[in-house]
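Have the sequence and the structure at hand while reading.

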Amino acid sequence: MSSPDPQVRAARNHSTRSAGRGPVVAVTGAASGVGDLLTRRLAGSDEIKQVIAIDERRGEVSEAQWHILDVRDPAIAEKLRGADVVVHLAVDLDLESDAAARTAYNVRGAQTVLTAAAAAGVHRVVLCTSAMVYGALPDNDIPLSEDAELRATAEATGVGDMLEIERLGRRAPRAHPGLQVTVVRPAVLVGGTDTALTRYFESPRLLVVAGSRPTWQFCHVEDLVSALEYAALEKVDGEFAVGCEGWLEQEEVEELSGIRRMELPSAVALGAAARLHRIGLTPSPAGDLAYTMHPWVVSVGRLHDAGWRPKWTNEEVLAALLEEVEGRHTVAGRRLGRKDATAAGAAGATVALLGTAALVRQMRKRRGM
């Protein structure tokens, strides 16, 4: 006998669960990444009545009710009817995306979802941004309070988008009385992710800017998903951070990773990063360097008070990250092919940091120079 159609199975599951308690949760960006993991987790939870999954393609979680559309489409309001909570995860964080297009998608998507949720009678929207919104500054407390002022600027990849999404989240309850917004801010996210901060560990040397005090706090994607589940179940609300307990100093990171440092004056490092990005050789602007220079460790007290605990330690997440990036070669934030990576490694510290020789050679080949 053939198995039932996936939508039939989903309807049966919904019928079974509808007699129980628990919210109906909609997840945007449900087909991949964090959205896929959260959809799977919620679909298997006895505390969730139903999962509504929204993405531009259908995912693999057959227990969810799928709607295929762009989150910027106002028609999403109709798809959200009946949902109690929306977890918005349809955010473009790809380093290779055009910056203007990425911002337009992220901001418009969040704006549409917030407005549509209010129109559909949803009472809570959960937004996922980043602890990077606090800013990486030499005078930051260690750890930062979750109530600390957001002092980041738009100079680092995606941070401007996150700040604008949070601004929209703060405005939404005033514009739509009855709508509540929860904001989740993970530390350096690891687990199937590709960011300027994870690429830092793909380099042959760890860049350390002279006079800086780097500190590292990680968040494994599994812990983020469990924190998002807490938010969806309204076990915690407001604005809160998520990450491992404590932090690692740069010296500990170097000892654990076995990757030696390369130290340069601030003017040299920042100037080189700015020039390489300006001429299109690297995807990361100079502002990304601040997050490898200054502390931005955050407290996770609100989740702790709600009974949540991370399953991963900073040491374990770093080990998982190093295993994940093994075999990848990044110089100055740009991935290199095997041939260029070999040349960069043989050229020593200067090329390993700046990557100029390998990158310029690569660009000249492309342009036929």
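Asp94 sits in the loop that lies between strand E4 (85-88) and helix H4 (99-120). Its C-alpha atom is separated by 9.9 Å from that of Pro283, and the two residues are 189 residues apart along the chain.

## Basis of the model

The model is predicted: local features need pLDDT of at least 70 and side-chain atom pairs count only at pLDDT 80 or more, while totals for chains, interfaces and linings use all residues. Residues are numbered from 1 along each chain as its sequence is written, and side-chain values use heavy atoms, with hydrogens and water left out.

## The chain as a whole

The protein chain contains 14 helices and 15 strands. Both are DSSP runs numbered from the N terminus, helices being H or I with at least four residues and strands E with at least two. Of the 369 residues in the protein chain, 52% are buried. Contact means heavy atoms within 4.5 Å. Among contacts between residues at least 6 apart in sequence, 77% join residues at least 24 apart.

## Nonpolar cores

A nonpolar core is a set of buried Ala, Val, Leu, Ile, Met, Phe, Trp, Tyr and Cys residues joined through side-chain atoms within 4.5 Å. The largest one has 40 residues, and Phe201, Trp216, Phe218, Tyr291 and Trp296 have the most contacts inside it. Two or more residues come from each of helix H5 (159-175), strand E7 (188-190), strand E8 (206-209), helix H9 (266-278) and helix H11 (314-325). A second, separate core of 37 residues includes Val27, Ile48, Ala64 and Val184. In soluble globular proteins, nonpolar side chains tend to be buried together.

What does Phe218 touch, not counting residues up to four places away in sequence? Its partners include Ala187, Val188, Val190, Phe201, Cys244, Leu248, Asn314 and Leu321.

## Helix pairs

Axes here are lines fitted to C-alpha atoms, for helices over the stretch in contact, and angles run from 0 to 180 degrees between N-to-C directions. Angles under 35 degrees count as roughly parallel, over 145 as roughly antiparallel, 65 to 115 as roughly perpendicular and the rest as oblique. H4 and H5 pack at about 15 degrees with their axes 10 Å apart, and are therefore roughly parallel to each other. Arg102, Thr103, Asn106, Val107, Ala110, Gln111 and Leu114 in H4 meet Asp161, Glu164, Ile165, Leu168, Gly169 and Ala172 in H5.

Helix H2 (residues 33-43) packs against helix H7 (residues 221-232) at an angle of about 55 degrees, with the axes 10 Å apart, which means that H2 is oblique to H7. On the H2 side the contact is made by Val34, Leu37, Leu38, Arg41 and Leu42; on the H7 side, by Val221, Leu224, Val225, Ser226, Leu228 and Glu229. The axes of helix H8 (residues 250-257) and H11 come within 11 Å and cross at roughly 50 degrees, so H8 is oblique to H11. Val253, Leu256 and Ser257 of H8 make this contact with Glu315, Leu318 and Leu322 of H11.

Terms used. Buried < 20%, exposed > 50% of the residue type's maximum accessible area, 1.4 Å probe, protein only.
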